[in-house]
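Welcome! Open your viewer, get ready to select a few pieces in turn, and let's take a short walk together.

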Amino acid sequence: MADNLISVTGLSKQFESGDQHVTVLRELSVHLGRGESLALTGPSGSGKSTLLNVLCGLESPGSGRLAMLGQPLAGDGAPTGKALERAWCELRQSRLGVVFQDANLMPTLSLLDNIRLRARLAGRDDTSAGNWLQRLGIGELGQRYPDQVSGGQRQRAALAMVFVTRPALILADEPTGSLDRRTAETVADELFELQARHGCGLVLATHDADLAARCLHQLDLGHQGGP
Amino acid sequence: MSPRIALFSHYRRHPLQLAALAAMILLASALWTGIHHLTSQARTSLEQSERAVAERQQLVREDGNPVSVQDFVNLRRQGLCVMPWLEVPVPGRGRLVGIDPLAAHCFAEPGHTPAPWQGELDGKPFVDISEAAAQASAEASALVLLVSQADGQSPPPAGYRYQAFAVAPDTAELGDSFLLNLDALGVLVLLITSLLLRSVFLLGLAQRRESLALLYRYGVNRSQLSRLLLVENLLLALVCILPGVWLGRALSLVLADGFGQALEGLFDRPLYAGGGEDWWLPTLTMVAVIVAACLAGVRDSSGPLLTRVQPAFFAVLLALGLAVSLWAPTLIWLFLAVALVFLAAGWLAPLAIAGVVRWLARNTGDPLIRWRLQEIAVLVRRLALPLVALQFALALVLAVHALVTTFEDTFDQWLGQRLEADYYIEVPQGADITAAVSWLAAKPELVSPELWHQVIRGRASVQAASGREPVPVDVFALGPVSHLVQNWRLLAQTETPWQALARGEGLMVNEQLARRQQLAVGDRLIVRLGARRLQAPVLAVYPDYGRPSGEVLVPASLLPEDFEARFRSLSISAGIEEIKVVEAQLARLWHTPQLTVRDNQAIRTLATDVFDQTFLLTRAMTTLTLILAAAALLLMVWVFLSTRAWYFRLLIVWGMPQRQAATQLTRVSLALIFAVLVCALPLGVWLTWILVQRINPLAFGWSLPMAVYPGFWIELAVLALIIGLSIALLMRLQLRRPASAPESAHGLQGGER
C-alpha cells in the first residue's frame, strides 16, 4: 500500500454561474501520508467543501492530477468512464470515510441500523456495529432514530459509521460545526483519538482555528477562489 | 418588506412548488369544466327536446316519402299553419335546429300577443331556417312539418296524416340516469382534483412553516396570516382557473361530436348546439374548491397527516358504508354509501400501506431492505393525498372499464339474439298480416317454418295474482315462436319455457318488470290484453337492455281480435333470392309499391358503432382523470424528492454505485405504486359491483352480470409500472443533481422518518 494517501498536483476547479466561470480551486497541490492529518481552512466559499467532494469522487476535478491511496484517478494513467466510477465506489465503500456537518444518517433507520447498513455496504462484518456505539459512549441509544438523539450523539454515530469500515482516510467537512463548544470538543477528541489509534489519514475542513491547530498540516484556501 | 411579500418570497425560492400548484389548478379546472360542459349540454338538449316540442304534431306523407319544401308550399296554400323544422348536424357542436320565424307565430299561446321573432320558441333558442339551411347537406339534414295545435284538431289534408312529433320515445328516466352517472363522474373528478390541490398546498405550507412562524414572532397574527394565504391562493386561482376553464371547454368541444352521436344513439336525443354556455359555474366551483382545499385545517396542517386520524373510526365507517350499499333502497342512499366507502378507503389505504411496510421492516434482518421499506412508509405519509387520488382514479378506471366491457359484451350478445333473423320487414299500417302469415306458413320450401315469426307490439296491463295494483306494460307478441328467439339468454326460467310459451301455457317478463313487481318464475299474472283478461304463470325472465319500460312476451295466439297493435313486423332468415321473392309477394298481398326491409346485420353494426362511441367518451374521461392524478403525483414526488435527495445521495457517498442506488430507488417507487394499485383493486371491484348490480337496477331497472376482467388488471399494472418507473426516473434525476446538505436533519428538510 502506498504511503501517500493523497497526491494532488495542479488541481483546478471551475463552476459556471450564469455567464461567468468561477474558479474555486486554482493550481492546488496537496499531499498527505499515512497517519497524517490536514486541516483545510478559509472563509465560506473558499472551496473547502469542493476540495473534499473532489477528494471523495463526488465531484470531478477540472484539471490537474489526482491519486488517492496510490491509485491515479485524474490526469495521467487514470481510468475513465465506468472504470473510474467503479474505482471511486470501491474507495468510498471501504477505504474512505466521509463525515458531514450533519445529516450523515438515514433518518428512517435507527443508529444501529445505520451503522449496520454502512458496514454491509463496505463488505464488513456488521456484528461490531453495537461495539462501536459502545466505544463512542452511545451504546444505549442504538435503537433510537437520528431525530430522537442530540446533534452530538448523531455525530458520534456518524463517527461509528466511519470507523466500522476501517477506512484508510477520513474526509470530514465541518464535523463539529453544528455542535455547541463542549460537545464539539468531545466529538473532536474522539475523532482525533480514533484516527491516531487506527493510523488513518484525516482531512478536516473547518472554520475553527483551535481544531485546525490540532492537525499536523494546515492549508488555507482563503486565496483560492475568484472569477 | 411587507408580510405579503415575505410570505410570497417562498415561491421565489421554490418556483417548482408554485408551478405545481398552478398546473394542478389549471388541469383540475380544465378536466372538471370539460365534464361539466358536456353534462350541461346533454341536460340542455334533453330539456329542449322534451319541452320545445311538447304536445306537437307533424304532418307526414301517407305514401311514406319524406316531406319536402313542395309539401310545405302545398299545405300553406291549403291554409294550414305548418312550421318547417330543419335539423342539421354541425360537426363538433351537435345539431342545429332551424325554424321559420313567421310560421312560429301559429304556435303562440291563445291570448298571447305575437311578439317579434327573437330566435326563441317556448323560451328555447333556435336559429332562422335560412341559417340552418345554409349548413344543411341533403343526406344528413331532416325536414319536419309541425302543425299547430288548432289545425291539428281538423282532419288531415288528402295524402297526409298526423303523427306525433317527438324527438324520442319516452326515455326521460333513462336520460336522467345517464345524466346522473355523468354528474357522479363529475363529483368524483372534483373530489380527486380537490385532493390533489390540497396535497400540493399542504406540502408548500409545511415547507413554509418556518417562514410563517417567523412572521408570527414578528407580530403578524394568525388571522392576518390566514388572510394573506387566502388572498395569495385566490390570486393564484384567478390567474389559473380562467385558462383552465377555456382548456376544459376546448376539451369538451373535441369530445362533443362523439358525445352527440352517443347521446343520439342511446336516447334518440339530438345534441343541440348552443347548450352549456356558462362560464361562471365552473369558475366559481373551482374557486370554492381551491379555497376549501387550501384553507381547510390550515392550523393543523403542519403535523403529519396520518397521526391525526383514528383508524378504528374509519374502519367502522368503511363497514357502515359497505352495509348501507347492500341495503340501500334508493339512489341517494347508495351514493351516501359510495361516499362513506371512498372516504374510509382514502383514509385507510395510506395507513394500511404504512402499517404493512413498517411490519415488514421490523421483521427483516437486512438493513438495506429495512431502509427501502421505511422509505416507502415516509413516501406514503408525505404523498398520502396524491396517492389516494391515484388510488381513486385507478379504481374509477377499473370500474368504468368493467362496466363498459360488461355492457358491451352483454349488449352485443343481447343484440345478436334480438337480431337473430337476417331481415326485418315492417308491416304497413292497415295491411293484413294474417294473409302474409298464412302465405309464409304455406311456403316451407322458401322460408323454413322455424326461421320466421311475426312481432306485434302494443300495450297491456298486468297485475300480480297476489293482488298488487295493475301496471301498464309493453306487449311483445310472437307468432309462431320460432327458433330465432329460442337462443335468447334468460335470467330465470322453467324447464322448457319456449315450448310452454308456444303452447300458450304462460308468458315471459322482462327484467325491468320482474324487478319492479318483484316477480319470479312461476308467479301468476293477470294480464289485460284489449278486452281479454287472462291469468298465466311467468315462464321466464329475459334481459332487455337500454330502456326502462316493463314488458311481457306472449304468443301471438293469445292476442284477442280487438288488440290494438301499435307496430307489427316480420322477422325472417332467408337467402338473398328467397327474400326478394318474399318481398315481392308481400308487396302484392299488401298492395304497396315498396316494403321497408331492413338488414339486421347493418342495424347491429350501426348500434355497436354508436355504443363504441359512447364508451370511448366514458373511457376518455376516466383516463384523463387518471392522467391528471398521475401527473399530480409526479409533480409532488419531484417537489418532495428535492428535499430528500441528500439522503438518497448518502448511498453514493457510502460507495454504492449510482446505478445500484438508482435501482434501490426504483424498487422503492415500484413497491409504492403497486401497493397503491393493490389498494385500488378491491375498491374498483366494489365500485364495479355498485355500478352494475346496484345503481343500474335502481336507476334503469336492469342489472348487468358482475365481471371483473383480470386481464385489465394487467393493463392497469402496466400503467402503474409506467407511473412507478416515471417516479424512479425523477429519483434518478435528483440523484444526479448536486444536492445541498440540509441545514438541519429535521422533517422539514426532508429528514423525517
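Two strands pair if DSSP finds at least two bridges between them. Helices (H or I, at least four residues) and strands (E, at least two) are DSSP runs, numbered from the N terminus. This is a predicted model, in which local features need pLDDT of at least 70 and side-chain atom pairs count only at pLDDT 80 or more, while totals for chains, interfaces and linings use all residues. Residues are numbered from 1 along each chain as its sequence is written, and chains are lettered from A and ligands numbered from 1 in the order in which they are written.

**First stop: β8(A).** Select residues 201-205 of chain A. Strand β8 is largely enclosed by the rest of the structure, because 5 of its 5 residues are buried (20 or more other C-beta atoms, placed from the backbone, within 10 Å of a residue's own). Gly201(A), Val203(A) and Ala205(A) point one way, and Leu202(A) and Leu204(A) the other.

**Next: the neighbours.** Look for Leu38(A) opposite Val203(A).

**Last stop: the contact with chain B.** How many residues of chain B are in contact with chain A? There are 24, and they meet 27 residues of chain A (contact: C-beta atoms, placed from the backbone, within 7 Å). Select α11 (367-382) and α17 (600-653) of chain B, which each supply at least two residues of this side. α11(B) gives the most, with 7 residues.

Notes:
Two residues are in contact if their C-beta atoms, placed from the backbone, lie within 7 Å. A residue is buried if 20 or more other C-beta atoms lie within 10 Å of its own, exposed if 12 or fewer, and partly exposed in between; C-beta atoms are placed from the backbone.
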